[in-house]
Structure formats: C-alpha cells, structure tokens
Amino acid sequence: MSGAQRHPLTIALPKGRLHDRIHELFARCGLAFEFESRKLVAEDREGSVRLMLVKNSDVPVYVNHGIAGLGVCGDDVLYESGFDYFRLMTLPFGSTRMCLAGRRDHDPQQDHGRLKVATKFTRFAHDFFHQRGIPVEVIKLGGSVELAPLLGLAPYIVDLVETGSTLTANDLVVNEELTQIQVHLISNPAYYKFHYAQVNALVRRLQNQDPQGDADEPTAG
Ligand code: PRP
C-alpha cells in the first residue's frame, strides 16, 4: 500500500481488553501506532491508517456515520447497534461466548416457564428468546450484571463469558451457551465502495501479515 500518497484509512478501535491485541496485530503488519498521553487519535508512521480510540459500544456509531470508515468490533456490539455494515475479516483473537447464567442454587421450576434476565445486550436477549418462543422479561443494565442474581433483581443474566472467572467469583454458573461472539474488522458500506482497493490492501496485510494475500469478499451485516 502506498499510504504516503493517499489519505489514511480511518479506523475506530475499541478501548479496553482488545486494545493490546489490536496494537500487536497492526505492529506485526508494519502499521505500528502509539496514542500519545490522553490523546484519542493516532496515525501509523507511514500514514496508512488513522486510528480513533472510542468506547466499545460507540464503534458502530462512528462507522455508521462515516466518521471512521472502518472499525474493530464484536458481534455483541454489532447486533445491539442494528446498523448496516460490511464484515471484512474476523480477527484471530477476542472470541467469547454469550451465555445465559444464574445462581448455582436457582431452581428453574421457580421460573414458571418465563425467563427474567438482566443484561447489557437487550436486543439480543429479546430476539434470542422470542425466536425460540420463550417468554422473557429483559431488564437493561449498564454493567456489573453479575450482581443482578445476587441482589434479586433477576434470577438470570445474559452476558459475555470468556474465562468464566467473573461468574465463578460471584457463585454463578452457565445455564446455556447462546452464541459464539467473534471480533471483526467492519466497514461502512459506502466507504468500502469508495475506498475498496485501499481497504482490500489493508485486509490482505492484516490477514496474511504480508502484502500478497487475498481479502475475503465483504459480507453484509
Ligand atoms: C465482560 C463481561 C463479564 C466479563 C467476563 O465484562 O460482561 O463481566 O467480561 O469475563 P470472564 O469470563 O473472563 O470473567 P467486561 O470486562 O468486558 O466489562 P464490562 O463490565 O464493562 O462489561
């Protein structure tokens, strides 16, 4: 990619636990970047990519509005956003499970055929159980959802489980794995159409960690 002669591709990156892995991947592809102290925008040295560091759930918002043409985002956040996007590649890290979990000592007979769940992922929880014909009441929380069963807000949570240590620490267990969650490089569809050659070159570079590989055809979200 001859980034120096072109405008850099704009990419929204999520703050938090994925950040170090994304940084490593880009660095291995020759796209090392550093966010200077407290700054939220950075460019790699060759000027191929401009990175914006945003809250995880805001990545699809920036991409949908075209402020960032591309973004790195999990299926969980993408599903909640409801926006259209192209999925360009799945990243080789960040996989988790979306699970129904509850107290170890909860008796399902107390549910009387109706689930009450607390979650950050309300759209997913509604759709998942409605599609299976299971009546559900969904209570939206902003975080620390593991507290809900402990304090009696709801007997169940729908949440991401990676190592399972947060559940274990709070004496909760997985009742059912609902879906796998992966992390993707996504694109604003219009941005992809205008910049497809440059975007495909970036995808090849990230997929193969050399500039010769082929990108997958993008799939609509
Ligand atoms: C997620 C999730 C759980 C935790 C699970 O929270 O909501 O709380 O990770 O991880 P584990 O299975 O490895 O213990 P996250 O740290 O993303 O932050 P949040 O509380 O803001 O959702």
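Predicted model: local features only at pLDDT ≥ 70, side-chain atom pairs only at ≥ 80, totals over all residues.
View 1. Of the 39 residues lining the largest pocket, Asn56, Asp76, Lys120, Phe121 and Leu160 are the closest to its centre. By residue class, the lining of the largest pocket comprises 15 nonpolar, 14 polar and ten charged residues.

**View 2. Secondary-structure elements that line the largest pocket.** The strands β4 (70-74) and β9 and the helices α3 (75-81) and α6 each contribute at least two residues to the lining of the largest pocket. Two of these elements, β9 (156-161) and α6 (165-169), also supply at least two residues each to the shell around the ligand, and β9 provides the largest share of that shell, with three residues.

**View 3. The shell of residues around the ligand.** Surrounding the ligand are Arg17, Lys120 and Glu146, together with Asp159, Leu160, Val161, Glu162, Thr163, Gly164, Ser165 and Thr166. The shell around the ligand divides into two nonpolar, four polar and five charged residues. Lys120 and Leu160, which belong to this shell, are also among the lining residues closest to the centre of the largest pocket.

View 4. For Thr166, an N or O atom of the side chain is 2.4 Å from an oxygen atom of the ligand. Of the 500 Å² of accessible area that the ligand has on its own, the protein covers 68%.

Notes: Residues numbered from 1 in each chain as written. Heavy atoms only, no water. Near = heavy atom within 4 Å. Polar contact = N/O pair within 3.5 Å; in protein donor to acceptor, adjacent residues only side chain to side chain. Areas by Shrake-Rupley, 256 points an atom, 1.4 Å probe, with all protein chains shown as cover. Helix = DSSP H or I, 4+ residues; strand = E, 2+ residues; numbered from the N terminus. Nonpolar A, V, L, I, M, F, W, Y, C, P; charged D, E, K, R; others polar. 1 Å grid on protein atoms, 1.4 Å probe; cavity = no way out; pocket = protein on both sides within 12 Å on 5 of 7 lines; lining within 4 Å.
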